[in-house]
Amino acid sequence: MVYARITGTGGYLPENIMTNADLEKIVDTTDKWIRDRTGIEQRHIALEGQTMVDLAEAASRKAIEAANIEAQDIELIILATSTPDKIFPSSACILQARLGIHGCPAFDIQAVCSGFIYALTVAEKFIKSGTSKKALVVGAEIFSRILNWEDRSTCVLFADGAGAVILEANDETGIISTHIHADGKYENLLHVPYGIGDGYDQVKAGKAFVEMKGNEVFKVAVNTLGRIVDETLAANNMMKSDIDWLVPHQANIRIITATAKKLKMSMDQVVVTINKHGNTSAASVPLALDVAVRDGRIKSNELLLLEAFGGGFTWGSVLVRY
Ligand code: ACO
(Lines give C-alpha, C1' and ligand atoms only; values in the text may rest on other atoms or scores of the structure.)
Protein backbone atom coordinates (compact mmCIF):
# COMPACT_ATOMS: atom_id res chain seq x y z
CA MET A 1 0.00 0.00 0.00
CA VAL A 2 1.31 3.48 -0.88
CA TYR A 3 0.56 6.40 1.45
CA ALA A 4 1.12 10.13 0.94
CA ARG A 5 3.26 11.16 3.89
CA ILE A 6 3.90 14.70 5.11
CA THR A 7 7.70 14.94 5.25
CA GLY A 8 8.13 18.69 5.68
CA THR A 9 6.09 21.72 6.70
CA GLY A 10 6.67 25.45 6.27
CA GLY A 11 4.87 28.67 7.11
CA TYR A 12 5.26 32.35 6.42
CA LEU A 13 3.52 35.39 7.89
CA PRO A 14 4.17 38.94 6.70
CA GLU A 15 6.22 40.89 9.26
CA ASN A 16 3.63 43.65 9.56
CA ILE A 17 1.34 42.98 12.57
CA MET A 18 -2.04 44.67 13.01
CA THR A 19 -3.46 44.48 16.55
CA ASN A 20 -7.07 44.92 17.65
CA ALA A 21 -6.01 48.30 19.06
CA ASP A 22 -4.88 49.29 15.55
CA LEU A 23 -8.32 48.30 14.23
CA GLU A 24 -10.06 50.39 16.89
CA LYS A 25 -8.55 53.40 15.09
CA ILE A 26 -9.97 52.36 11.71
CA VAL A 27 -13.51 51.08 12.42
CA ASP A 28 -16.09 51.25 15.23
CA THR A 29 -14.93 48.19 17.15
CA THR A 30 -13.21 47.22 20.39
CA ASP A 31 -10.45 44.81 21.36
CA LYS A 32 -12.95 43.18 23.76
CA TRP A 33 -15.60 42.59 21.05
CA ILE A 34 -13.06 41.00 18.71
CA ARG A 35 -11.50 38.79 21.43
CA ASP A 36 -14.84 37.71 22.92
CA ARG A 37 -16.56 36.94 19.60
CA THR A 38 -13.63 35.50 17.63
CA GLY A 39 -10.56 34.86 19.82
CA ILE A 40 -8.42 37.09 17.58
CA GLU A 41 -5.82 39.37 19.24
CA GLN A 42 -3.70 40.30 16.22
CA ARG A 43 -3.16 39.40 12.56
CA HIS A 44 -0.42 39.78 9.93
CA ILE A 45 -1.13 42.05 6.97
CA ALA A 46 1.10 42.11 3.86
CA LEU A 47 2.89 45.31 2.99
CA GLU A 48 2.10 47.16 -0.22
CA GLY A 49 4.03 45.47 -3.02
CA GLN A 50 4.02 42.03 -1.36
CA THR A 51 1.95 39.48 -3.26
CA MET A 52 0.33 36.17 -2.34
CA VAL A 53 3.00 34.26 -4.30
CA ASP A 54 5.71 36.04 -2.27
CA LEU A 55 4.17 34.51 0.86
CA ALA A 56 3.65 31.12 -0.82
CA GLU A 57 7.27 31.04 -2.00
CA ALA A 58 8.65 31.73 1.49
CA ALA A 59 6.48 28.99 3.05
CA SER A 60 7.36 26.54 0.24
CA ARG A 61 11.10 27.06 0.66
CA LYS A 62 10.80 26.29 4.38
CA ALA A 63 8.79 23.09 3.68
CA ILE A 64 11.34 21.98 1.05
CA GLU A 65 14.17 22.55 3.53
CA ALA A 66 12.32 20.70 6.32
CA ALA A 67 11.72 17.70 4.01
CA ASN A 68 15.42 17.71 3.10
CA ILE A 69 14.75 17.57 -0.64
CA GLU A 70 15.69 19.75 -3.60
CA ALA A 71 13.04 21.88 -5.32
CA GLN A 72 13.87 19.98 -8.54
CA ASP A 73 12.67 16.73 -6.90
CA ILE A 74 9.07 18.03 -6.82
CA GLU A 75 6.78 16.36 -9.37
CA LEU A 76 3.51 18.20 -8.61
CA ILE A 77 2.55 21.66 -7.28
CA ILE A 78 -0.94 22.45 -6.01
CA LEU A 79 -1.64 25.90 -4.59
CA ALA A 80 -4.92 26.62 -2.78
CA THR A 81 -5.89 30.27 -2.86
CA SER A 82 -8.81 32.65 -3.39
CA THR A 83 -6.52 35.63 -3.84
CA PRO A 84 -4.34 34.77 -6.86
CA ASP A 85 -1.67 37.20 -8.07
CA LYS A 86 -3.20 37.25 -11.57
CA ILE A 87 -6.42 36.03 -13.19
CA PHE A 88 -4.10 33.83 -15.21
CA PRO A 89 -1.66 32.11 -15.36
CA SER A 90 -2.33 30.19 -12.18
CA SER A 91 -0.37 31.27 -9.14
CA ALA A 92 0.96 27.70 -8.93
CA CYS A 93 2.74 28.30 -12.27
CA ILE A 94 4.18 31.59 -11.00
CA LEU A 95 5.34 29.80 -7.83
CA GLN A 96 6.84 26.97 -9.90
CA ALA A 97 8.98 29.45 -11.87
CA ARG A 98 10.10 31.21 -8.67
CA LEU A 99 11.27 27.86 -7.29
CA GLY A 100 13.20 27.13 -10.50
CA ILE A 101 11.13 24.04 -11.33
CA HIS A 102 10.27 23.32 -14.97
CA GLY A 103 7.82 20.81 -16.45
CA CYS A 104 5.91 19.29 -13.55
CA PRO A 105 2.12 19.87 -13.38
CA ALA A 106 1.17 22.98 -11.38
CA PHE A 107 -2.34 24.28 -10.76
CA ASP A 108 -4.48 26.28 -8.32
CA ILE A 109 -7.44 25.09 -6.31
CA GLN A 110 -10.20 27.50 -5.32
CA ALA A 111 -12.23 26.30 -2.33
CA VAL A 112 -11.80 29.38 -0.12
CA CYS A 113 -11.06 28.38 3.50
CA SER A 114 -11.28 24.65 2.67
CA GLY A 115 -8.75 25.07 -0.14
CA PHE A 116 -5.83 23.37 1.59
CA ILE A 117 -7.98 20.35 2.54
CA TYR A 118 -9.10 20.11 -1.11
CA ALA A 119 -5.50 20.47 -2.32
CA LEU A 120 -4.21 17.75 0.03
CA THR A 121 -7.03 15.49 -1.14
CA VAL A 122 -6.10 15.92 -4.79
CA ALA A 123 -2.35 15.59 -4.18
CA GLU A 124 -2.91 12.37 -2.24
CA LYS A 125 -4.68 10.86 -5.29
CA PHE A 126 -1.67 11.68 -7.50
CA ILE A 127 0.67 10.01 -5.03
CA LYS A 128 -1.52 6.96 -4.35
CA SER A 129 -1.96 6.34 -8.08
CA GLY A 130 1.82 6.47 -8.60
CA THR A 131 1.60 9.54 -10.87
CA SER A 132 3.80 11.67 -8.56
CA LYS A 133 6.27 10.72 -5.83
CA LYS A 134 6.84 14.14 -4.31
CA ALA A 135 4.28 16.97 -4.18
CA LEU A 136 4.34 20.54 -2.89
CA VAL A 137 0.94 21.51 -1.48
CA VAL A 138 0.42 25.12 -0.45
CA GLY A 139 -2.35 27.23 1.07
CA ALA A 140 -1.69 30.97 0.71
CA GLU A 141 -3.82 34.08 0.91
CA ILE A 142 -3.64 37.85 0.85
CA PHE A 143 -7.20 38.47 2.04
CA SER A 144 -6.34 42.01 3.16
CA ARG A 145 -6.64 43.03 -0.53
CA ILE A 146 -10.29 41.90 -0.79
CA LEU A 147 -11.50 43.37 2.52
CA ASN A 148 -13.65 46.44 2.88
CA TRP A 149 -11.71 48.29 5.59
CA GLU A 150 -14.88 50.23 6.43
CA ASP A 151 -16.87 47.04 7.20
CA ARG A 152 -16.22 46.10 10.83
CA SER A 153 -18.08 42.80 10.48
CA THR A 154 -15.43 41.39 8.10
CA CYS A 155 -12.20 43.44 8.25
CA VAL A 156 -11.45 42.39 11.84
CA LEU A 157 -11.54 38.68 10.92
CA PHE A 158 -9.34 37.96 7.91
CA ALA A 159 -5.59 38.15 7.38
CA ASP A 160 -2.61 37.17 5.23
CA GLY A 161 -0.20 34.23 5.35
CA ALA A 162 0.97 31.00 3.74
CA GLY A 163 1.56 27.40 4.78
CA ALA A 164 3.03 24.52 2.80
CA VAL A 165 3.75 20.82 3.07
CA ILE A 166 5.81 18.33 1.10
CA LEU A 167 3.97 15.06 0.50
CA GLU A 168 6.01 11.99 -0.43
CA ALA A 169 5.09 8.43 -1.38
CA ASN A 170 5.72 6.14 1.59
CA ASP A 171 5.05 2.43 2.18
CA GLU A 172 4.24 2.70 5.86
CA THR A 173 2.29 5.73 6.92
CA GLY A 174 0.69 9.01 5.90
CA ILE A 175 -2.75 10.25 4.87
CA ILE A 176 -5.36 7.66 5.89
CA SER A 177 -8.49 9.21 4.43
CA THR A 178 -9.79 12.44 2.90
CA HIS A 179 -13.37 13.74 2.82
CA ILE A 180 -14.44 16.79 0.80
CA HIS A 181 -17.87 18.29 0.14
CA ALA A 182 -19.55 21.40 -1.27
CA ASP A 183 -23.03 22.92 -1.46
CA GLY A 184 -23.30 25.90 -3.79
CA LYS A 185 -26.77 26.85 -2.55
CA TYR A 186 -25.01 28.87 0.18
CA GLU A 187 -23.11 31.03 -2.35
CA ASN A 188 -24.55 34.32 -1.10
CA LEU A 189 -23.83 33.85 2.61
CA LEU A 190 -20.08 34.26 2.13
CA HIS A 191 -18.68 35.68 -1.09
CA VAL A 192 -17.05 38.44 -3.06
CA PRO A 193 -20.19 39.34 -5.03
CA TYR A 194 -18.37 40.84 -8.01
CA GLY A 195 -16.08 39.31 -10.61
CA ILE A 196 -15.50 38.97 -14.34
CA GLY A 197 -19.11 37.86 -14.86
CA ASP A 198 -21.30 39.60 -12.27
CA GLY A 199 -20.79 43.26 -11.44
CA TYR A 200 -17.63 43.86 -13.43
CA ASP A 201 -18.22 47.61 -13.04
CA GLN A 202 -17.74 47.16 -9.27
CA VAL A 203 -14.45 45.36 -9.91
CA LYS A 204 -13.27 48.27 -12.05
CA ALA A 205 -14.34 50.67 -9.27
CA GLY A 206 -12.17 48.72 -6.81
CA LYS A 207 -15.16 47.53 -4.75
CA ALA A 208 -14.89 43.74 -5.03
CA PHE A 209 -14.80 42.92 -1.31
CA VAL A 210 -15.72 40.01 0.97
CA GLU A 211 -19.32 40.02 2.20
CA MET A 212 -20.48 37.60 4.87
CA LYS A 213 -23.66 36.92 6.83
CA GLY A 214 -21.51 35.84 9.78
CA ASN A 215 -24.28 34.66 12.06
CA GLU A 216 -25.80 32.32 9.47
CA VAL A 217 -22.37 31.03 8.38
CA PHE A 218 -21.53 30.33 12.03
CA LYS A 219 -24.53 28.03 12.56
CA VAL A 220 -23.94 25.99 9.38
CA ALA A 221 -20.19 25.78 10.11
CA VAL A 222 -20.65 24.33 13.61
CA ASN A 223 -23.18 21.70 12.43
CA THR A 224 -21.22 20.77 9.31
CA LEU A 225 -17.89 20.39 11.12
CA GLY A 226 -19.62 18.14 13.67
CA ARG A 227 -20.86 15.94 10.80
CA ILE A 228 -17.45 15.79 9.06
CA VAL A 229 -15.86 14.58 12.31
CA ASP A 230 -18.43 11.74 12.53
CA GLU A 231 -17.97 10.89 8.83
CA THR A 232 -14.17 10.71 9.15
CA LEU A 233 -14.21 8.50 12.25
CA ALA A 234 -16.92 6.17 10.86
CA ALA A 235 -15.08 5.75 7.52
CA ASN A 236 -12.02 4.51 9.41
CA ASN A 237 -13.78 2.57 12.16
CA MET A 238 -12.07 4.79 14.72
CA MET A 239 -13.09 6.29 18.02
CA LYS A 240 -12.83 9.91 19.11
CA SER A 241 -10.14 8.93 21.60
CA ASP A 242 -7.90 7.68 18.75
CA ILE A 243 -7.24 11.25 17.57
CA ASP A 244 -4.10 12.84 19.07
CA TRP A 245 -4.45 16.32 17.55
CA LEU A 246 -7.19 18.44 16.01
CA VAL A 247 -5.72 20.90 13.49
CA PRO A 248 -8.77 22.99 12.56
CA HIS A 249 -9.37 25.88 10.19
CA GLN A 250 -8.98 29.03 12.27
CA ALA A 251 -12.15 31.05 11.62
CA ASN A 252 -13.49 31.56 15.13
CA ILE A 253 -12.38 30.19 18.51
CA ARG A 254 -16.03 29.40 19.33
CA ILE A 255 -16.33 27.15 16.24
CA ILE A 256 -13.02 25.45 17.13
CA THR A 257 -14.13 24.86 20.73
CA ALA A 258 -17.46 23.39 19.56
CA THR A 259 -15.65 20.92 17.27
CA ALA A 260 -13.24 19.93 20.07
CA LYS A 261 -16.21 19.38 22.38
CA LYS A 262 -17.85 17.15 19.78
CA LEU A 263 -14.62 15.09 19.71
CA LYS A 264 -14.51 15.10 23.54
CA MET A 265 -11.00 16.53 23.18
CA SER A 266 -9.28 18.76 25.68
CA MET A 267 -8.22 22.11 24.22
CA ASP A 268 -4.65 20.98 24.99
CA GLN A 269 -4.98 18.65 21.98
CA VAL A 270 -6.20 21.39 19.65
CA VAL A 271 -3.81 23.58 17.67
CA VAL A 272 -5.02 27.17 18.04
CA THR A 273 -3.38 30.00 16.11
CA ILE A 274 -6.40 32.26 15.51
CA ASN A 275 -5.32 34.53 18.39
CA LYS A 276 -2.08 35.43 16.59
CA HIS A 277 -2.92 34.78 12.90
CA GLY A 278 -6.63 35.69 12.47
CA ASN A 279 -8.46 33.85 9.68
CA THR A 280 -5.96 33.30 6.85
CA SER A 281 -8.46 31.23 4.82
CA ALA A 282 -6.65 28.48 2.82
CA ALA A 283 -3.42 29.17 4.72
CA SER A 284 -4.81 28.60 8.20
CA VAL A 285 -4.60 24.78 8.44
CA PRO A 286 -1.05 24.41 7.03
CA LEU A 287 0.12 27.37 9.14
CA ALA A 288 -1.34 25.79 12.30
CA LEU A 289 0.21 22.43 11.38
CA ASP A 290 3.61 24.05 10.84
CA VAL A 291 3.48 25.89 14.17
CA ALA A 292 2.69 22.69 16.13
CA VAL A 293 5.28 20.60 14.25
CA ARG A 294 8.03 23.17 14.76
CA ASP A 295 7.30 23.76 18.47
CA GLY A 296 7.45 19.99 19.02
CA ARG A 297 3.82 19.39 20.02
CA ILE A 298 3.02 17.18 17.02
CA LYS A 299 5.30 14.15 16.93
CA SER A 300 5.97 11.40 14.45
CA ASN A 301 3.32 8.66 14.27
CA GLU A 302 0.58 10.74 15.95
CA LEU A 303 -2.93 10.80 14.46
CA LEU A 304 -4.07 14.22 13.24
CA LEU A 305 -7.50 15.38 12.14
CA LEU A 306 -7.30 18.37 9.81
CA GLU A 307 -10.63 20.05 9.01
CA ALA A 308 -11.98 23.19 7.38
CA PHE A 309 -15.16 25.00 6.36
CA GLY A 310 -15.46 27.93 4.02
CA GLY A 311 -17.12 29.86 1.22
CA GLY A 312 -19.06 27.86 -1.36
CA PHE A 313 -19.93 26.40 1.07
CA THR A 314 -17.08 23.91 0.99
CA TRP A 315 -15.90 21.69 3.82
CA GLY A 316 -13.70 18.70 4.41
CA SER A 317 -11.26 16.76 6.53
CA VAL A 318 -8.01 14.84 6.22
CA LEU A 319 -7.03 12.11 8.67
CA VAL A 320 -3.28 11.66 8.70
CA ARG A 321 -0.74 9.67 10.65
CA TYR A 322 2.12 12.16 10.88
N1 ACO B 1 -17.04 45.28 16.47
C2 ACO B 1 -18.10 45.57 17.22
N3 ACO B 1 -19.35 45.18 16.91
C4 ACO B 1 -19.49 44.43 15.79
C5 ACO B 1 -18.41 44.09 14.95
C6 ACO B 1 -17.15 44.54 15.33
N7 ACO B 1 -16.04 44.26 14.63
N8 ACO B 1 -18.88 43.35 13.91
C9 ACO B 1 -20.20 43.23 14.10
N10 ACO B 1 -20.59 43.88 15.23
C11 ACO B 1 -21.93 44.01 15.80
C12 ACO B 1 -23.02 43.75 14.80
O13 ACO B 1 -23.32 44.94 14.08
C14 ACO B 1 -24.17 43.34 15.71
O15 ACO B 1 -24.74 44.50 16.27
P16 ACO B 1 -26.35 44.61 16.51
O17 ACO B 1 -26.68 43.50 17.47
O18 ACO B 1 -26.50 45.97 17.07
O19 ACO B 1 -26.94 44.40 15.15
C20 ACO B 1 -23.47 42.58 16.83
O21 ACO B 1 -22.10 42.97 16.78
C22 ACO B 1 -23.57 41.06 16.71
O23 ACO B 1 -23.24 40.66 15.37
P24 ACO B 1 -23.26 39.16 14.93
O25 ACO B 1 -22.90 39.09 13.48
O26 ACO B 1 -24.56 38.52 15.37
O27 ACO B 1 -22.07 38.57 15.83
P28 ACO B 1 -21.62 37.09 16.01
O29 ACO B 1 -21.65 36.74 17.43
O30 ACO B 1 -22.32 36.16 15.05
O31 ACO B 1 -20.08 37.15 15.57
C32 ACO B 1 -18.74 36.55 13.66
C33 ACO B 1 -19.75 37.53 14.25
C34 ACO B 1 -17.49 36.63 14.49
C35 ACO B 1 -18.45 36.95 12.23
C36 ACO B 1 -19.31 35.11 13.71
O37 ACO B 1 -20.62 35.09 13.24
C38 ACO B 1 -18.49 34.11 12.91
O39 ACO B 1 -17.39 33.76 13.26
N40 ACO B 1 -19.07 33.55 11.81
C41 ACO B 1 -18.48 32.46 11.07
C42 ACO B 1 -17.30 32.86 10.22
C43 ACO B 1 -16.83 31.66 9.43
O44 ACO B 1 -16.71 30.56 9.94
N45 ACO B 1 -16.58 31.80 8.13
C46 ACO B 1 -16.26 30.66 7.32
C47 ACO B 1 -14.86 30.54 7.01
S48 ACO B 1 -14.21 31.98 6.27
C49 ACO B 1 -14.09 31.73 4.53
O50 ACO B 1 -14.50 30.77 3.97
C51 ACO B 1 -13.50 32.85 3.72
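Modeller: A residue is called buried under 20% relative accessible area, exposed over 50% and partly exposed in between, with a 1.4 Å probe and protein chains only. The model is predicted, and local features need pLDDT of at least 70, side-chain atom pairs pLDDT 80 or more, while totals for chains, interfaces and linings use all residues. Residues are numbered from 1 along each chain as its sequence is written, and side-chain values use heavy atoms, without hydrogens and water.

Biologist: Why is Gln50 called buried?

Modeller: Its relative accessible area is 18%, and because buried means under 20%, Gln50 falls in that class. Gln50 sits in the loop between β3 (42-44) and α3 (52-67), and, leaving aside residues up to four places away in sequence, Gln50 touches Tyr12, Pro14, Leu55, Ile142 and Arg145, where contact means heavy atoms within 4.5 Å.

Biologist: What makes Phe88 exposed?

Modeller: Phe88 has 70% relative accessibility, and since exposed means over 50%, the term applies. Phe88 lies in the loop between β4 (76-80) and α4 (91-98), and together with Ile87, Ile196 and Tyr200 forms a nonpolar patch on the surface, with about 530 Å² of accessible area together.

Conventions
Patch = residues over 30% accessible without salt bridge, like charges linked within 9 Å, V, L, I, M, F, W, Y side chains within 5 Å. Areas by Shrake-Rupley, 256 points an atom, 1.4 Å probe, with all protein chains shown as cover. Salt bridge = Lys/Arg side-chain N within 4 Å of Asp/Glu carboxyl O. Helix = DSSP H or I, 4+ residues; strand = E, 2+ residues; numbered from the N terminus.
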